[in-house]
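Biologist: I would like to learn how to read contacts, helix packing and cores from a model. Could we go through one case step by step?

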Amino acid sequence: PHPVVEQLEGAAGHACGHCLPGVCMSLCEAYESGRELLAGEAIGQTIGNLCRCTGYQPFRDALIVSLRDRAKEGGSPTALAERLPKRFSGVAPMAYRDREGAVFYRPATSLEALRLRHAHPEARLVAGGTSRGWTGAGEEESAGAATRLISLEAVAELGGFSRDDERWTVGAGVTIATFAERLQDEFPMVTAMAERFGSPQIRNRATVGGNLVSAAHHSDLISVLLALGAELRIESLEGARQLPLDKFFVGFRQTELGEGELLAAVYIPRGEPVGSEANIAHRVSAFYKVSKRRSLDRAIANAAFLVELDGDRIVRRARLAFGGVAAYGARAYEAESLLEGKKWEPKSAQAVAALLKEIFPASSDQRATAAFRNALVAGLWQKFFAEHRNPEQPMFADAALRRFYRRPVVGPVQD
């Protein structure tokens, strides 16, 4: 048996059998990945698996013990790890028609995908397939109801990931897990967003482009990319165009994506280095999310902030983005204008908080009232300022929890 399965037996990780296959797969994924897990990641590895028999502690104990045993043995791969690369070598292109006449296309290149998109404008595009389809009227509809599907999973160009001195280029087909892993060192708010995004299973399937084109008003990713000043590359058979992300959304579940167009890539500016000739002494950023559950729940409200200060702590740039409080994720331009050029001090922060309560036309639903959402918008901003009032030494309200989550499962504790 697999080392994790052996530890499950020793840790009394027995269950009725409904959840156990998924639990084993999740734990084995962490083991086989070879990455160095922190305590928070080990705890989050079982998210997406519901167990009412054993509880989750034996599962996590089994993972931690097996990882420590692997480290003692030098981290040698298991037989499973040796077999996987030989068995799974990629996704092949295909075209399939079922007995009822529904058609499934899986092109191999962007050009093929664009030709299919042009020939079948009524077809629904799918990438990771973790979200349901939406009709033009905004009514939810099962993805299985579509008579034509075009899968972008095999299009290699959409999986590109590169950078230069000015920006990152992220292919629309990059998964949320890869997106967070590659950008975590440069953009800490991406890590904070990914920790609250779905579950490990969803993050390993959901794509950056799919999340943006779905245009969910509560999207966590959209808020982060708005705060980072992202732009989009949109392609069609006629050519390509570039569009700022904040111009992409035009209504509830509606975007500027035209007939025959595909979202190909996302551009994320890297910004001037702190301490450079651009006179940026500090760059502070954060992502916050309020939801009824910590995981696997859409946001009542979320917020992503990025503020750049000069040596005199004058705000040189501010991006304040929010989700869940309007028809689509959006930046608070009036608040940004009010803040830029001002001193980074309580007086300025309070003025911004007062303005934020009036900016977004929040609505009431089963998750929260409009009044509560408006209060959250101001409250999340005030929390950000309180934690980053001294940009040289941020003070986090959950500092003890952060230190615990950053403890490595194997090796010395990180401060």
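Modeller: This is a predicted model.

Biologist: Where is A12 found?

Modeller: A12 lies in the loop between α1 (3–10) and α2 (20–33). The C-alpha atoms of A12 and P58 are separated by 6.4 Å, although the two residues are 46 residues apart along the chain.

Biologist: Is A12 buried, partly exposed or exposed?

Modeller: Burial is read from relative accessible area, and buried means under 20%, exposed over 50%. A12 has a relative accessible area of 48%, so A12 counts as partly exposed.

Biologist: On either side of that loop are α1 and α2. At what angle do α1 and α2 pack?

Modeller: The angle is taken between N-to-C directions. For α1 and α2 it is about 125 degrees, and their axes are 9 Å apart. The two helices are therefore oblique to each other. Their crossing is right-handed.

Biologist: Which residues of α1 and α2 meet?

Modeller: From α1 come P3, V4, V5 and L8, and from α2 come C24, L27, C28 and Y31. By type, the residues of this contact divide into 8 nonpolar, no polar and no charged.

Biologist: How do α7 and α8 pack?

Modeller: α7 and α8 pack at an angle of about 150 degrees, with axes 8 Å apart. That makes α7 roughly antiparallel to α8, because angles over 145 degrees count as such. The crossing of α7 and α8 is left-handed.

Biologist: Which residues make the contact of α7 with α8?

Modeller: F179, A180 and L183 in α7 meet V190, M193 and A194 in α8. The contact divides into 6 nonpolar residues, no polar and no charged.

Biologist: What does F179 touch?

Modeller: Not counting residues up to four places away in sequence, F179 touches F161, V170, V174, V190, M193, V208, L221, L225 and I268.

Biologist: Which members of the largest nonpolar core touch the most other members?

Modeller: They are F179, L212, L225 and I268, in a core of 41 residues. Elements that each supply at least two residues of this core include α7 (176–183), α8 (188–195), β9 (231–236) and β13 (262–269). The most is given by α11, with 6 residues.

Biologist: How many residues are in the second core?

Modeller: The second core, which is separate, has 32 residues, among them V307, A318, F360 and A378.

Key:
Residues numbered from 1 in each chain as written. Predicted model: local features only at pLDDT ≥ 70, side-chain atom pairs only at ≥ 80, totals over all residues. Heavy atoms only, no water. Core = buried A, V, L, I, M, F, W, Y, C linked by side-chain atoms within 4.5 Å. Buried < 20%, exposed > 50% of the residue type's maximum accessible area, 1.4 Å probe, protein only. Helix = DSSP H or I, 4+ residues; strand = E, 2+ residues; numbered from the N terminus. Contact = heavy atoms within 4.5 Å. Axes fitted to C-alpha atoms, helices over the stretch in contact; angles between N-to-C directions. Parallel < 35°, antiparallel > 145°, perpendicular 65-115°, else oblique. Left-handed = near helix turned anticlockwise from the far one by under 90°. Nonpolar A, V, L, I, M, F, W, Y, C, P; charged D, E, K, R; others polar.
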